[in-house]
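Please keep the sequence and the model in view while reading.

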Amino acid sequence: MNNELIKALKEIETPFYFYDINLLNETLSVVKEAAEKRNFHVHYAYKANYNDVLLQTIKKFGFGADCVSGNEIKKAIEIGVAASKITFAGVGKTEKEIIFALNNEIFAFNVESIEELIVIGELAAKLQLKANIALRINPNVDAQTHHYITTGLDENKFGILPSNIQTCISLVKSNPFLELQGIHFHIGSQILEMNVFKSLCVKVNEWNTWFEERGIYLKTINVGGGLGVDYKNPDTNAITDFETYFAIFEKFLEVRPNQEVHFELGRSLVAQCGSLITSVQYVKSGIKKRFAIVDAGMTELIRPALYQAYHKIEKLSTQALSTSMMYDVVGPICESSDTFAKEIELPELSRGDYLAIRSAGAYGEVMASRYNLRDAIKSYFKMDSTPILATGW
Ligand code: LLP
């Protein structure tokens, strides 16, 4: 991407998000092929990135939408995703959001508690509309990832406790406006250890049998998302190994006849196509350190500050790269956590040099804030026909 981008940089004010839509298209083709040959259904998790250009690209591949707010459902409908492909998850769905989802006859509510099921049941009855229910079960499987993005353990706020499932079934049976469509799981994010998904399959199978033994046929099994990406090698490993991932579910899930398997993938679809482009404002020498102070901060990409997340940082240059030096790459925000990387080796930097903070397509732009009254972050795209295309969103 370097040369084209560097030429365009003269016209564009930093910082901004840069998305390679060609890579996104390639990634989506791989996902589609690997999923379709197994008859798996993929819903893209809107929370990972709801930039319109990305959403339109993803929609073209026919994926559904996994939403966690009324606004995300509204966005999915505006983008043109069929309501019959929209799922709605989240522990705190409000009445307004539930009513909106009911009126739009979405595919499923992923229900996270008895209390929520009661409210959905009451609202559905009042509106005389059917609510399709998938019970989100907390399977107590350790995702072996950062504790802030682990969701499937007993201690997490997500999902229904196994001991409460029977009550949920009774509630559904007593309300003709509730339809038990299936079960839902999501154990965490940025999962790279494939055995974790194997363990998830074992739990899902136990639950599938449990329902069957009680005479309940489940139409859908939703195993959530969570597949990780290679933040260390965004070029050599630009597309995650979807084939291995789906093959695990194909091999270990005991799917009953006519049962559908659904996925909610976010990060693995969009992370590698995005970079945060920033320029060096000052190079400041400390007593023991050299700081490269850039014009992007935790306000544009909060992952390093919030989860100590690693993002590869590269100097963008058309020249042969000079001798390297050690830098802390930091932002302008008045917080010590506003640091993108500590003690990393980069070619010598000076004021005006451009850096790319890689693998920032997921949970980057969407988690941006206006803290310190920063400008809203902009995004630019590389597509086949247009080398660099600016757009608002
Ligand atoms: N389904 C549910 C119910 C979820 O909670 C999530 C993500 C997904 C699907 C999509 O997971 P993915 O395939 O993207 O791993 N902001 C954090 C990640 C939070 C993930 C929240 N849930 C980060 O920057 O790492």
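How many residues does α8 have, and how far does α8 reach from its first C-alpha to its last? In this predicted model, helix α8 has 20 residues and reaches 29 Å between those two atoms, close to the 28 Å expected at 1.5 Å a residue. The helix covers residues 194–213, and Gly215, which follows it, has a positive phi near 75 degrees.

The buried residues of α8 are Val196, Phe197, Leu200, Cys201, Val204, Asn205, Trp207, Asn208 and Phe211. An α-helix has 3.6 residues a turn, so residues three or four places apart point the same way. The buried residues of α8 pack against two further helices, α7 and α9 (242–252), and against the strands β6, β7 and β8 (220–222).

When neighbours within four places in sequence are left aside, Asn208 is in contact with Ile183, Leu218, Ile221, Glu254, Arg256 and Gln259. Gly226, by contrast, lies 18 residues from Asn208 in sequence, and the C-alpha atoms of the two are 21 Å apart in space.

Just after α6, Gln128 takes a positive phi of about 55 degrees.

Thr27 is found in helix α2, residues 21–36, and is buried, with a relative accessible area of 4%. Apart from neighbours within four places in sequence, Thr27 is in contact with Ile239, Phe242, Ser268 and Leu269.

Ser359 is found in a loop, between β15 (354–357) and β16 (378–382). Is Ser359 buried or exposed? With a relative accessibility of 0%, Ser359 counts as buried. Although Ser359 and Gln272 are 87 residues apart along the chain, their C-alpha atoms are separated by 4.4 Å. Not counting residues up to four places away in sequence, Ser359 touches Asp230, Tyr231, Pro234, Ala271, Gln272, Gly274 and His311.

The chain as a whole may now be considered. It contains eleven helices and 17 strands. Its radius of gyration is 22 Å, close to the 21 Å that the globule rule gives for 393 residues, so the chain is as compact as a globular protein of that length. Along the principal axes, the C-alpha atoms fill a box of roughly 70 × 40 × 40 Å. Buried residues make up 56% of the 393 residues. Of the contacts in the chain with a separation of 6 or more, 72% are between residues 24 or more positions apart.

The accessible surface of the chain comes to about 17,400 Å², and carbon and sulfur atoms hold 50% of it. The chain carries 40 positive and 47 negative charges, whose mean positions are 2 Å apart.

Definitions and conventions:
Residues numbered from 1 in each chain as written. Predicted model: local features only at pLDDT ≥ 70, side-chain atom pairs only at ≥ 80, totals over all residues. Heavy atoms only, no water. Helix = DSSP H or I, 4+ residues; strand = E, 2+ residues; numbered from the N terminus. Rg over C-alpha atoms; globule rule 2.2 N^0.38 Å. Buried < 20%, exposed > 50% of the residue type's maximum accessible area, 1.4 Å probe, protein only. Contact = heavy atoms within 4.5 Å. Areas by Shrake-Rupley, 256 points an atom, 1.4 Å probe, with all protein chains shown as cover. Lys, Arg positive; Asp, Glu negative; His and termini not counted. Charge placed at Lys NZ, Arg CZ, Asp CG, Glu CD. Expected span 1.5 Å × (residues − 1).
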